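User: I'd like to go through the packing in this model. Can you take my questions one at a time?
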Amino acid sequence: MKAAIPFPPLSSELFSISIGGFEFALRWYALAYIAGILIGWQLAAAAVKRSALWRNDTPPMSAAQVEQLMTWVILGIILGGRLGFVLFYQPAYYFAHPAEILMVWHGGMSFHGGLLGVILAVLGFCLRNRIPLMPTADMMALAVPPGLLLGRIANFVNAELWGRPTDLPWGVIFPGAAAQECGQALVAECARHPSQLYEAGLEGLLLGGLLIWLAFFRGALKRPGRIAGIFFAGYGIARVLVELVRQPDAQFVSPGNPLGLAWHVNGYGLTMGQILSLPMIAIGLWLAIRAGRRT
């Protein structure tokens, strides 16, 4: 290891209090969820208040309906994210311990599961209120990146979901025995890719900035499906790339599969994150191309 950055003295908790023998803590990860939802809500509300941004100068819903939709979305994020983690990553464990499925405070959320939960929530809300689906999907895609940015930063603060070992000068020496198990000599410290920050930059900052620019300054919302398509494809591509340096999921790692590939042939294959992202890329490209062809 030529150079590395020591992990800063960060705590996963903003503060904690003890009441009647029970410990209550506000964690950065929970705060990231809350702040991401609030910022996304404000972005969506700002978009629907500007009628000129939309096709035929007609937003898909009112600002008041955006507020109602957020309740559905929050439930979709929590239920979908948790069930996605259970089904995609550790089904055998949770089927053997079903009582732990609802213990979200123990950790374990899946972005792809949360996305499916949000899609179902938005679909249900639109059908119930007779709201056009595709413009609503564009509005929601515009609102998601702030949550991704803050969530990945919170992953870094929690020193979790780090990347594979690296000797690049921006490698980070994450704390904990698991992060230091790199097969190195006992006297050396293991530096890893800060893959959480890679994702924050690509999925949150870069993709979010692009979508805001296209929506508010380039008239992309006038073509229903374009913003949603670019989000799906952009997130999928970013995730596929970051998975190349992200530490593999432990449940997929074996002596014959050290890279933790969920599907592989002769040592070559895809991680679970890449497998789940490929359909997103295909759907996103289809939506973006279809939106471009519509008049």
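User: Which residues form one aromatic cluster?
Analyst: Phe85, Tyr89, Tyr93 and Tyr94 form it. Rings of Phe, Tyr and Trp (its six-membered ring) pair if their centres lie within 6.5 Å; planes under 30 degrees apart count as stacked, over 60 as edge-to-face and the rest as tilted.
User: What sort of model is this, and how are residues numbered?
Analyst: This is a predicted model, where local features need pLDDT of at least 70, side-chain atom pairs count only at pLDDT 80 or more, and totals for chains, interfaces and linings use all residues. Residues are numbered from 1 along each chain as its sequence is written, and side-chain values use heavy atoms, with hydrogens and water left out.
User: How many aromatic pairs in the whole structure?
Analyst: The search finds eleven. One of them joins phenylalanine 7 and phenylalanine 156. Their ring centres are 5.3 Å apart and the planes sit at 50°, so the pair is tilted.
User: Where do phenylalanine 7 and phenylalanine 156 sit in the chain?
Analyst: Phenylalanine 7 is in the loop between strand 1 (5-6) and strand 2 (13-19). Phenylalanine 156 is in helix 6 (residues 145-157). Helices (H or I, at least four residues) and strands (E, at least two) are DSSP runs, numbered from the N terminus.
User: Are phenylalanine 7 and phenylalanine 156 buried or exposed?
Analyst: Both are buried. Buried means under 20% relative accessible area, exposed over 50%, partly exposed in between (1.4 Å probe, protein chains only).
User: What about phenylalanine 7 and phenylalanine 174?
Analyst: Their ring centres are 5.5 Å apart with planes at 40°, so that pair is tilted. Phenylalanine 174 lies in the loop between strand 4 (172-173) and helix 7 (195-217), 167 residues from phenylalanine 7. Both residues are buried.
User: New topic. What does phenylalanine 231 touch?
Analyst: Its contacts are Phe111, Leu115, Ala141, Val144, Pro145, Leu148, Leu207 and Leu211, not counting residues up to four places away in sequence. Contact means heavy atoms within 4.5 Å. Phenylalanine 231 is in helix 8 (residues 226-242). It counts as buried, at 2% relative accessibility.
User: How far is phenylalanine 231 from alanine 141?
Analyst: 6.1 Å in space, C-alpha to C-alpha, and 90 residues in sequence.
User: On to helices. At what angle do helix 1 and helix 6 pack?
Analyst: About 165°, with axes 8 Å apart; helix 1 covers residues 28-48. Axes are lines fitted to C-alpha atoms, for helices over the stretch in contact, and angles run from 0 to 180 degrees between N-to-C directions. That makes the two helices roughly antiparallel. Angles under 35 degrees count as roughly parallel, over 145 as roughly antiparallel, 65 to 115 as roughly perpendicular and the rest as oblique.
User: Which residues meet there?
Analyst: From helix 1, Trp28, Tyr29, Ala32, Ala35, Gly36, Ile39 and Leu43. From helix 6, Pro146, Gly147, Leu150, Gly151, Ala154, Asn155 and Val157. They divide into ten nonpolar, four polar and no charged. Ala, Val, Leu, Ile, Met, Phe, Trp, Tyr, Cys and Pro count as nonpolar, Asp, Glu, Lys and Arg as charged, and the others, Gly among them, as polar.
User: Last one. What phi does aspartate 57 have?
Analyst: A positive one, about 55°, although aspartate 57 is not a glycine. Aspartate 57 lies in the loop between helix 1 and helix 2 (63-88). At 47% relative accessibility, it counts as partly exposed.
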